[in-house]
Amino acid sequence: MFKQKAEAAAQKAAGESSKKAAVEDAEWAKGSKSNAKKEEAEARKADALRKKAEKDALLAAEERTLPSGPKKTKTALKKTSAAPARRNGTLNLDQLDDNDDNDGPEASKPLSALNATGIDNALDVLSLSTATGGEKVDRHPERRYKAAYAAYKSRRMPELEQEMKGLRRQQRVDVIRKEFERSAENPFNQ
């Protein structure tokens with residue numbers, strides 16, 4: 001019985017001393033540097049690395065379940081002429097020949113599609129399809145405007161000097177510009 005009381009008293013004293021030690025440590029920790037932020041940052045890094053590893057593992061497992069290699073799909077090719085088209089990087093211009101031979105209502109029908117493989121052949125097909133009367137359609141007249149104006153100005157300036165002798169050079173340039181805006185040589189008017 002005395003032993004039990006002695007053990008209980010020892011436990012009580014140990015509990016009180018541990019409480020006092022915790023209070024004293026807290027007192028000492030108030031003024032000192034704390035590593036709590038550093039430990040928290042390390043814990044976040046470890047958590048992020050763990051999540052990344054889980055994500056990579058799931059992705060790898062998903063990739064293993066999916067079939068590898070390119071998907072082979074078969075698409076039906078529309079045949080536009082009786083003759084089979086050659087597929088070795090050439091143009092299929094059979095439609096052009098068929099339309100030239102027919103004199104009936106099919107001859108006036110526009111081309112539905114031209115086949116070309118390769119970049120160069122595709123550009124050739126585009127130039128054939130946009131040509132009207134042997135001329136190509138100019139899609140960017142602003143690129144030719146400066147050169148066309150300079151040619152018009154150099155040709156028209158001596159003529160205008162003879163017609164209007166009393167004008168200054170800048171006045172003649174203004175007259176030439178106004179004429180060029182209405183001229184057929186202006187790429188924007190074509």
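1. What share of the contacts in the chain with a separation of 6 or more comes from residues 24 or more positions apart? Such residues account for 45% of them, a contact being heavy atoms within 4.5 Å.

2. A word on the source: this is a predicted model, where local features need pLDDT of at least 70, side-chain atom pairs count only at pLDDT 80 or more, and totals for chains, interfaces and linings use all residues. Residues are numbered from 1 along each chain as its sequence is written, and side-chain values use heavy atoms, with hydrogens and water left out.

3. On confidence, the mean pLDDT (the predictor's confidence in each residue, from 0 to 100) is 78 for the chain, and 69% of its residues reach 70 or more.

4. Please take care with residues 82-86, where pLDDT stays under 50 and the model has two contacts beyond four places in sequence. Where pLDDT is low, the predicted coordinates should not be read in detail.

5. As for the fold, the chain has six helices and two strands, in the order α-α-β-α-β-α-α-α from the N terminus. These are DSSP runs numbered from the N terminus: helices are H or I with at least four residues, strands E with at least two.

6. Turning to burial, 13% of the 190 residues count as buried, meaning under 20% relative accessible area (1.4 Å probe, protein chains only).

Methods: Buried < 20%, exposed > 50% of the residue type's maximum accessible area, 1.4 Å probe, protein only.
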